[in-house]
Structure formats: C-alpha cells, structure tokens
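Please examine the sequence and the model shown below. The report that accompanies them is arranged by topic.

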Amino acid sequence: MQNFLLILFEILGTVLAADFVAGFVHWLEDAYAREDTPILGPLVARGNIVHHHYPRYFTRLSWWQSSWDLLLFSTVLVLGAWALGLLTWEVWLFAVLITNANEIHKWEHRSRKENGPIISFLQDIRVLQTPRHHAVHHTNPKNVCYCTTTNLLNPMLDGLHFWDGLEWFLEKSFGIRRRADTSLPGHGPGPAWLEEYTRPVTSTRTTSCHRIKDGSILESVPSKACAKCRVKICPHAHRYPLPLG
C-alpha cells in the first residue's frame, strides 16, 4: 500500500512538473514573444497572436502542426537522460505530457462532441483541465491561468501573483517589459497580416471552404487548392493548410 501511494505521488508530481514547465513556456510566449524576434518570431509569436485573437483557430491544426517542436524538445530530453543513465519512467511520462501539451490545450477549445466521450470524461473528473477553467485565461486582460494540463496549479500560482512577480523582476532588473496584447481593447489594431485569417482569396482553381472567425462558420467562400501537395488552403490562414476532403 505504501509503495502504491508513493507511485501515485510520483505520478502527480511528474504531471504537475510538466504542467508547470508548459505553463512557463506559455507565459514566455504570451508576455515576451515578438514578431521581430529572429527565428522564434515567425515560429512562436505569430501563432500566439493568432490564438489570442481567434482562440479556436488552432483546433483546426493537426497534431504534427501543433506538436512538432515539443516532440523535438522531448526527444532531446529523453536522449539526454538516456546518455546520462537517468532515463526512468518519470522522464518518459514527463516527455509524453510535454509533447502533447498543445494537444491537451487544444481539447480545452473544442466542444464535447469534437473531443469525444473519453477526453470529455477525463475533463469532467478533473484529470485534464476543463474548458471552463481555461476560459479564464482568455478573459481580459489574459494574464492568468497559463498552465493548461490540470486545474491544480493555476489557483496557487495566480494566488501568489507568481507571473506578475516574474514580470516585475524582469522589468526592474533588465528593463524587459511585457509585450502589448493587441487582442485586448485599447491595445490594437492587430498586425496587418491578421487579415489573412478573415480575408477570402480569389483563384481560378477553387474548392469549397468555410470561412471561420473564432471557430464559428460564417459563410462558404472559394479557396485555392495546391495540385502538387493536394491540400486545400483556407482563405483566412494560408500558413496552415487543411487536408482536402
């Protein structure tokens, strides 16, 4: 019995550690990722800005589109632990959770029908973070609830003003100020390229596609299809192609 309880505590600790690390990265992206940052700007900042303007948009992305960078990080972590002789089941569990952090986040923006009975059940019993809990993060001023795996850490971290304290320290010590969030009232307008996510395009070769704004279908508009890779390019997001079908 004692060993069983110890394993449960180790599992809980590993889950919370992964939740915190993913939340820390989420906070860095929200607070400091900028479009003009070399390399990370296009890879991180752009998607982050889109998510705050159109929270449900990334539910249209595949697992690979959402998680390839996390998979790369986790692979390096596992290989490093293996090389040092530290590869345990806790490391594997941590790596799996980190790899799927964006996918778990994605489930919080999907409906119960989209998630299916298993994911919905795990959210209902609070094994996974609930959509209601995560909705607080998307409530202005969008500076709390950065952890997206469980409901456990956010109340403690936000209650302690943990993220506010980090931002205060960085500003006072290094003069680094939080990036303005253009999705907030009074902080706009957003970047001009956001029009790509709402503006239809014209093409001589078209196929049907739904125009989406914040996850809601507004109308059907033409969209162009690439004959080479056989994907349909959604008119409001050329960067993230959708499979034909």
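The sections below treat the basis of the model, the overall fold, the surface, the aromatic pairs, the cysteines and the salt bridges.

## Basis of the model

This is a predicted model, in which local features need pLDDT of at least 70 and side-chain atom pairs count only at pLDDT 80 or more, while totals for chains, interfaces and linings use all residues. Residues are numbered from 1 along each chain as its sequence is written, and side-chain values use heavy atoms, with hydrogens and water left out.

## Overall fold

The protein chain contains 9 helices and 4 strands; these are DSSP runs numbered from the N terminus, with helices (H or I) of at least four residues and strands (E) of at least two. Along the sequence the order is α-α-α-α-α-α-α-α-α-β-β-β-β.

The protein chain has 245 residues, of which 40% are buried. Here buried means under 20% relative accessible area, exposed means over 50%, and partly exposed lies in between (1.4 Å probe, protein chains only). Among contacts (heavy atoms within 4.5 Å) between residues at least 6 apart in sequence, 59% join residues at least 24 apart.

## Surface and nonpolar patch

Accessible areas come from the Shrake-Rupley method with a 1.4 Å probe, and for residues only the protein chains shown count as cover.

A nonpolar patch on the surface is formed by Met 1, Phe 4, Leu 5, Ile 7, Leu 8, Phe 9, Ile 11, Leu 12, Trp 89 and Leu 152, which together have about 1,000 Å² of accessible area. Patches consist of residues with over 30% relative accessible area and no salt bridge; like charges are joined within 9 Å, and nonpolar side chains (Val, Leu, Ile, Met, Phe, Trp, Tyr) within 5 Å. Helix 1 (residues 2-32) supplies the largest share of the nonpolar patch, 7 residues. Leu 152 sits in the loop between helix 7 (131-135) and helix 8 (153-159) and is partly exposed, at 45% relative accessible area.

## Aromatic pairs

The structure holds 10 aromatic pairs. Rings of Phe, Tyr and Trp (its six-membered ring) pair if their centres lie within 6.5 Å; planes under 30 degrees apart count as stacked, over 60 as edge-to-face and the rest as tilted. Phe 20 and Trp 163 form a stacked pair because their ring centres are 6.2 Å apart and their planes are at 20 degrees. Phe 20 belongs to helix 1 and Trp 163 to helix 9 (residues 162-174), so the pair ties together parts that are 143 residues apart in sequence. Phe 20 is partly exposed at 29% relative accessible area, whereas Trp 163 is buried at 1%.

An edge-to-face pair is formed by Trp 27 and Tyr 32, with 5.5 Å from centre to centre and 90 degrees between the planes. Trp 27 is buried at 2% relative accessible area, and Tyr 32 is buried at 15%. Ring pairs join Phe 20, Phe 24, Trp 27, Tyr 32, Tyr 146, Phe 162 and Trp 163 into a cluster.

## Cysteines and His 134

The whole structure has 0 disulfides, a disulfide being a pair of cysteine sulfur atoms within 2.5 Å. The cysteine sulfur closest to that of Cys 147 is in Cys 145, 8.6 Å away, which is too far for a bond. Cys 145 is buried at 7% relative accessibility, and Cys 147 is buried at 0%.

His 134 lies in helix 7 and is buried, with a relative accessible area of 1%.

## Salt bridges

There are 5 salt bridges in the whole structure; each is a side-chain nitrogen of Lys or Arg within 4 Å of a carboxyl oxygen of Asp or Glu. One of them joins Arg 56 and Glu 114, at 3.0 Å from N to O. Arg 56 lies in the loop between helix 2 and helix 3, and Glu 114 in helix 6 (residues 112-124), so this pair links distant parts of the chain, 58 residues apart. Arg 56 is partly exposed at 23% relative accessibility, as is Glu 114 at 38%.

Arg 112 pairs with Asp 124, with the closest N and O atoms 2.9 Å apart. In the salt bridge of Glu 171 with Arg 177, the closest N and O atoms are 3.6 Å apart; Glu 171 is partly exposed at 36%, while Arg 177 is exposed at 57%.
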